[in-house]
Amino acid sequence: MREPLPGSASWGTPGPPSAGTMSQLQLWLQFEALNKDSSYFEDFSNISIFSSSVDSLSDIVDTPDFLPADSLNQVSTIWDDNPAPSTHDKLFQLSRPFAGFEDFLPSHSTPLLVSYQEQSVQSQPEEEDEAEEEEAEELGHTETYADYVPSKSKIGKQHPDRVVETSTLSSVPPPDITYTLALPSDSGALSALQLEAITYACQQHEVLLPSGQRAGFLIGDGAGVGKGRTVAGVILENHLRGRKKALWFSVSNDLKYDAERDLRDIEATGIAVHALSKIKYGDTTTSEGVLFATYSALIGESQAGGQHRTRLRQILDWCGEAFEGVIVFDECHKAKNAGSTKMGKAVLDLQNKLPLARVVYASATGASEPRNMIYMSRLGIWGEGTPFRNFEEFLHAIEKRGVGAMEIVAMDMKVSGMYIARQLSFSGVTFRIEEIPLAPAFECVYNRAALLWAEALNVFQQAADWIGLESRKSLWGQFWSAHQRFFKYLCIAAKVRRLVELAREELARDKCVVIGLQSTGEARTREVLGENDGHLNCFVSAAEGVFLSLIQKHFPSTKRKRDRGAGSKRKRRPRGRGAKAPRLACETAGVIRISDDSSTESDPGLDSDFNSSPESLVDDDVVIVDAVGLPSDDRGPLCLLQRDPHGPGVLERVERLKQDLLDKVRRLGRELPVNTLDELIDQLGGPQRVAEMTGRKGRVVSRPDGTVAFESRAEQGLSIDHVNLREKQRFMSGEKLVAIISEASSSGVSLQADRRVQNQRRRVHMTLELPWSADRAIQQFGRTHRSNQVSAPELAGWRLRFLCIYSKF
């Protein structure tokens, strides 16, 4: 049984459940309008929908007579004069009537949602329709968010910026505060909002779950609210109470310096921050303080000295068996695939092996989908003593009900004291979309590329037919994946000229520019370097590289041939097992088969940031023709069939098709746009004027004499790991007025017009390339819109006339 604090939310009170629990959930699901006035929930505001195994969310969604939301017009409700009998008799008894319901009650029996809007529209004059629509739009806009002020916490100074909360969360109050902070609340280093979050986190940490583990807390504040200082405050509070060790996980080693800054800002200079990456494997002599590590470090291992050591074991040894300190999972959305990735499983394993640790999850996009909550095992929503035996049952119940059920879960989490989520208001932020007409020269290149891709499709089909390729799922998966990436790079490059013009205009208006993109083009650059013995005499085209790579690696061929670029490498095979190759069977007719266990998916590294790192490249399926009767170990680099099933010379003709197609792509490549990132930096003044914060290790630059060369981003006396940090400092100081960020700098980095820095020009955030995930887009926009800013940013999107990719935003 969960042990609550005196006066805190009740979780699992023995005995039959109260009638309010069922009714609260029903009303939330069926009457969304009730969320507008939280006073109706005062009698049961601290009752959780997860409070018992009966009348729980799982029971409601599985109840036969609780119909889906789109069938509510068949349900008898309190709006009916003569409601039909139902097996659910626990209708919530209101202490007073809902204001305004008298106006909505019909004079005859009418089901809920028998289009009350249609009835009201028909009763109004037609000339008032337009005015009503405008009023409805205004109401919908104003009711999306509500200004946020701590309702139960009365300590601390006002937050420096306006903060809001969603209307659904604002409709329910948080629990009463029973915890008293040890840290000073009148220093001004922490705002009232941050002190409120620290208080509720520490209050929740006093609760033990039925499983014996300590309850955790989720800080879901939006980007820029100040989660870093809040987390630092939680660490300081526990330090003052004698818990001197803490773990802090984040997405990058560079963020260690931000952690030190946050602790310094709240006057916790006595707490040292140790970087795990600088500590040798097996060394547990580090003294008290904060052990800072990345999520990828959790799966680190070493075989040095013949001993197998892991970072996870090292962390556990440093903490000790009875560890009760804080574990912070900052930017915890990185662990969202805990059920399928080694890193995510390590996050769960760490929580299980330190059951008494005080866990804090912190992310602006920590649970954008129900399945992403799997790593939040300390919230106590599923597991022993809850209505859901495991996460799968919880996920099934939520997904069955849709987005509305997820909102209910968030509301209940706030009521129960395990969740808080505020975000900065977007008042003052401007947004515009620049529509870019296609230049005639680009139209010509685009049309030629489209024709060549159509020809390539026919050539691939013909070659596959000639060699008798039977299984083609992997082939076409690779083809269409490359096709999509090619035209993505082409369209992004078409925006560069106009973006450079507008960036120069904004700089002339005494503003500074932040450009967001995803693709860096590093993989293609390294391939060309490998082909030319480390030398470059021109900028590289990422689009051309995608097309060439498709033909070289995936063309239906009779060779085991992998044209590799410099820096690419194979996936590591598990020790003790031989290399696994696609099993082929050559029948007497000469037909080639690829077994079902061969990969049928496209390269995982060839997504939005495919070109960011050479390590993202993996080996793909190739068609291998074996000599009949030879074991797989006797294959040579080129094994031909003993006899040609399609007549003499077919293999040579297939090879000629491939070479002809490669020649045509190379001729087209002379006219294709060069790599977007290199072109942007060159057009905006070169590395001397542009702060690049990406994950690539080198770049192509134009020299004063007009030549082009490849150079490392590492600077003298500065490791590559600290380059982004130095570039950020140069941008914030005003030394450089243009910053380009990729996925590598889209989390945890502050680039706003901060009152504490020298560069206080207004930021113009230009999103040249949006990520595939809305979560990542939110994170990237949050780099320039943050607390303590002098001015809100301008957001600028880009679209070509035939490609409206920004319409969703």
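What percentage of the 809 residues in the protein chain do buried residues make up? Buried residues make up 52% of them, where buried means under 20% relative accessible area, exposed over 50% and partly exposed in between, with a 1.4 Å probe and protein chains only. The model is predicted, so local features need pLDDT of at least 70 and side-chain atom pairs count only at pLDDT 80 or more, while totals for chains, interfaces and linings use all residues. Residues are numbered from 1 along each chain as its sequence is written, and side-chain values use heavy atoms, with hydrogens and water left out.

## Overall make-up

The protein chain has 22 helices and 22 strands. Helices (H or I, at least four residues) and strands (E, at least two) are DSSP runs, numbered from the N terminus. The chain exposes about 37,700 Å², of which carbon and sulfur atoms supply 50%; accessible areas come from the Shrake-Rupley method with a 1.4 Å probe, and for residues only the protein chains shown count as cover. Contact means heavy atoms within 4.5 Å. Among contacts between residues at least 6 apart in sequence, 75% join residues at least 24 apart.

## Nonpolar cores

A nonpolar core is a set of buried Ala, Val, Leu, Ile, Met, Phe, Trp, Tyr and Cys residues joined through side-chain atoms within 4.5 Å. The largest such core has 52 residues, and Leu247, Phe249, Ile327, Phe329, Leu350 and Met373 touch the most other members. Elements that each supply at least two residues of this core include strands S4 (245-250), S6 (289-294), S9 (326-330) and S10 (358-362), together with helices H10 (311-319), H11 (342-353), H12 (391-401) and H13 (403-416). H13 gives the most to this core, with 7 residues. Apart from this core lies another, of 39 residues, among them Tyr148, Leu183, Leu190 and Trp248.

Leaving aside neighbours within four places in sequence, Ile327 is in contact with Leu247, Phe249, Leu350, Leu354, Ala357, Arg358, Val359 and Val360.

Strand S4 is mostly covered, with 5 of its 6 residues buried. S4 and S6 run parallel and are joined by 6 bridges; two strands pair if DSSP finds at least two bridges between them. In this pairing Ser250 stands opposite Thr294 in S6. S4 also pairs with S9 in the parallel sense, over 4 bridges, and here Leu247 stands opposite Ile327.

Helix H14 (residues 440-467) has 28 residues, which at 1.5 Å a residue should span 40 Å; its end C-alpha atoms are 41 Å apart, which agrees. The expected span of a helix is 1.5 Å times one less than its number of residues. The buried residues of H14 are Phe442, Val445, Ala449, Leu452, Trp453, Ala456, Val459, Phe460, Ala463, Ala464 and Ile467. An α-helix has 3.6 residues a turn, so residues three or four places apart point the same way. H14 is followed by Gly468, whose phi is positive, near 75 degrees.

In helix H22 (residues 774-781), the buried residues are Asp775, Ala777, Gln779, Gln780 and Phe781. These buried residues pack against strands S14 (512-516), S20 (738-741) and S21 (763-767).

## Salt bridges

A salt bridge is a side-chain nitrogen of Lys or Arg within 4 Å of a carboxyl oxygen of Asp or Glu. A search of the whole structure finds 45 salt bridges. The table lists some of them.

| Glu399 | Arg371 | 2.7 Å |

Glu399 counts as partly exposed, at 39% relative accessibility, and Arg371 counts as partly exposed at 42%.

Glu794 lies in strand S22 (residues 794-800) and Lys511 in the loop between helix H16 (496-508) and S14, so the pair ties together parts that are 283 residues apart in sequence. Both Glu794 and Lys511 are buried.

Glu743 lies in the loop between S20 and S21 and Arg776 in helix H22, so the pair ties together parts that are 33 residues apart in sequence. Glu743 counts as buried at 16% relative accessibility, whereas Arg776 is partly exposed, with a relative accessible area of 39%.

Salt bridges that share partners join Arg432, Glu434, Glu506, Arg509, Lys511, Arg762 and Glu794 into one network.
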